[in-house]
Amino acid sequence: MTDSVLFCSERKVWSGEGLVVGNERISELTFRLSIAVDSNFPTVQSGQFIMIRLADDVGLLLGRPLAIYRVTRNNTVHDGCDVVEVIYLVAGRVTSRFSELAVGSRMRLWGPLGRGFDVEFSGRTLLVAGGVGHTPFLMLAEKLRNRVTLLYGARSAERVVPLDDFEQVGVEVRISTEDGSLGVCGLVTELIEQVYCRDELTRILCCGSAPMIRATFKIAERLRLPCVVSLETPMSCGLGLCYGCVVKVKDAADANGWSYQRTCVEGPAFDAYSLFF
Ligand SMILES: Cc1cc2nc3c(=O)[nH]c(=O)nc-3n(C[C@H](O)[C@H](O)[C@H](O)COP(=O)(O)OP(=O)(O)OC[C@H]3O[C@@H](n4cnc5c(N)ncnc54)[C@H](O)[C@@H]3O)c2cc1C
Ligand code: FES
C-alpha cells in the first residue's frame with residue numbers, strides 16, 4: 001500500500017491505496033465497506049468524507065464521495081493498519097461495482113475532506129437521518145453520547161440499517177418506516193416535534209434526501225432551532241478544484257445577496273439558514 005499527498009485548493013490532502021478487508025451487506029441495498037490503509041490516515045472530524053474509487057479501473061477514474069463512518073487505528077487484526085469504514089447504498093454505476101468487491105481488492109481513496117459538525121456542543125442534539133444519512137453522524141454520537149437522539153427513517157424494514165453502533169454509545173434511536181413495517185409508520189420528520197415537546201432540544205442536524213432535508217429545515221425554522229444539514233451534492237474532484245459541486249448560499253457581502261460555495265470544501269455540512277430552500 002502506498003500513500004501520497006494531493007493538493008486541494010487550500011491544503012494538502014492524504015491520498016493512498018487500501019485493501020478491502022470487509023464488504024458485507026447490512027440491508028437490502030446497503031453495504032459496509034472496510035478498507036485497511038497504512039497507519040497514518042489523518043485525524044477525522046465527524047461529518048467529513050473521502051473520495052474513493054477502484055484502484056485498477058481506468059474506466060472509473062473519478063472517485064465517489066462517501067461519508068467516513070468510523071476509523072479504527074492500528075487495527076491488530078489487520079497488521080496494525082488503520083481501517084476506514086464507509087456505508088454505501090447501491091445507487092448507480094460505481095456503487096454497484098463496489099457491491100461486488102471481494103476481500104483483498106485494491107481501492108484508491110483521498111481525504112478526509114470537507115467541513116463536518118461542531119462536536120464541542122453542550123446542548124441536546126437531534127439527528128434526523130434517512131437511508132444512509134446516519135453515516136456522517138457516528139463519530140459525533142460517540143462524543144456526545146446520551147445528549148443525542150437519532151431519528152432514522154427508511155421506506156420499509158428491509159431498507160433499515162443496523163443502528164446498534166449508536167445505541168451502544170448511549171444514543172436514543174427512534175425508527176420510522178413509510179409502510180409501517182418497522183417502528184412508527186410515516187415520515188421520519190413527523191417524529192421531530194414529538195421529541196421537541198419532550199426534550200430541551202438545542203439544535204437539529206440532518207442528512208438524507210433533498211425533500212427530507214427541506215422538510216426538516218422548515219420544522220427547525222418554525223421551532224426557531226439552529227439547523228445544520230449535510231448535503232450529498234454530486235462531486236468530481238472532491239478537492240475544491242472543479243467547482244462541480246457548488247451550491248447557492250446567502251451572502252450579505254455580495255451585491256446580489258448570494259454566492260456559490262463548494263460542497264466539498266465549505267461543506268458538506270452547511271448552516272441550513274444560509275441555503276435557499
Ligand atoms: C459528501 C457526501 C457524502 C456522501 N456520503 C454517502 C454515504 O455515506 N453513503 C452513500 O451511500 N452515499 C453517500 N453519498 C452519495 C454517493 O456519493 C452517491 O450515491 C454515489 O456517488 C453514487 O455513485 P454511483 O456511480 O453508484 O451512482 P451514479 O451512476 O452516479 O448514479 C447516482 C444516481 O443518479 C442517477 N443518475 C445517474 N446518471 C443520471 C443521469 N444522467 N440523469 C439522471 N439521473 C442520473 C442514478 O439513477 C442514481 O440514482 C455522499 C455524497 C456526498 C457528496
Ligand atoms: S467536486 Fe470539484 S470542486 Fe467540489
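A: Two strands count as paired if DSSP finds at least two bridges between them. Keep in mind as we go that this is a predicted model.

Q: Ok, so which strands form the open sheet, and in what order?
A: Seven strands form it, in the order β12-β11-β10-β9-β13-β14-β17, and the pairing is mixed. The edge strands are β12 (184-185) and β17 (269-271), each pairing on one side only.

Q: What holds strands of a sheet together, in general?
A: Strands pair through backbone hydrogen bonds, and they can be parallel or antiparallel.

Q: Let's zoom in. How do β9 and β10 pair?
A: Strand β9 (residues 124-130) and strand β10 (residues 148-154) are parallel, with six bridges. You can find Thr125 opposite Val148 in β10, and Val128 opposite Leu151 in β10.

Q: And what joins β9 to β13?
A: Six bridges again, and β9 runs parallel to strand β13 (residues 201-207). Arg124 has Leu201 in β13 as its bridge partner.

Q: How many bridges join β13 to β14?
A: Four, and those two run parallel as well, with β14 covering residues 227-230. Leu205 is opposite Val228 in β14.

Q: Which way do they point?
A: Val148, Leu150, Tyr152 and Ala154 point one way from β10, while Thr149, Leu151 and Gly153 point the other way. In a regular strand, side chains alternate between the two faces of the sheet.

Q: Zooming out now: how many helices and strands does the protein chain have?
A: Five helices and 17 strands. The radius of gyration is 18 Å, close to the 19 Å that the globule rule gives for 277 residues, so the chain is as compact as a globular protein of that length. Its C-alpha atoms fill a box of roughly 50 × 50 × 35 Å along the principal axes, and buried residues make up 39% of the 277 residues.

Q: What does the domain assignment give?
A: It gives domain 1 (3-113) and domain 2 (124-274). Their centres are 22 Å apart, taken over C-alpha atoms.

Q: How many residues of each are in contact with the other domain?
A: 26 residues of domain 1 are in contact with 24 residues of domain 2. On the domain 1 side, the elements that give two or more residues are β2 (12-27), β4 (49-54), β5, β7 and β8 (106-113). The residues on that side divide into 17 nonpolar, six polar and three charged.

Q: You mentioned α1. Where is Ser96, and is it buried or exposed?
A: Ser96 lies in helix α1 (residues 93-98). It counts as exposed because it has 11 C-beta neighbours inside 10 Å, and the cut-off for exposed is 12 or fewer.

Q: Which residues have a positive phi without being glycine?
A: Asp79 is one, with a phi of about 55°, in the loop between β6 (70-75) and β7. Arg145 is another, with a phi of about 45°, in the loop between α2 (138-144) and β10.

Q: Are those two buried or exposed?
A: Asp79 is exposed, with 11 other C-beta atoms within 10 Å. Arg145 is partly exposed, with 13 other C-beta atoms within 10 Å.

Conventions:
Residues are numbered from 1 along each chain as its sequence is written. Chains are lettered from A and ligands numbered from 1 in the order in which they are written. This is a predicted model: local features need pLDDT of at least 70, side-chain atom pairs count only at pLDDT 80 or more; totals for chains, interfaces and linings use all residues. A residue is buried if 20 or more other C-beta atoms lie within 10 Å of its own, exposed if 12 or fewer, and partly exposed in between; C-beta atoms are placed from the backbone. The radius of gyration is taken over C-alpha atoms; the globule rule is 2.2 Å times the number of residues to the power 0.38. Domain bounds come from an automatic or database domain assignment. Two residues are in contact if their C-beta atoms, placed from the backbone, lie within 7 Å. Ala, Val, Leu, Ile, Met, Phe, Trp, Tyr, Cys and Pro count as nonpolar, Asp, Glu, Lys and Arg as charged, and the others, Gly among them, as polar.
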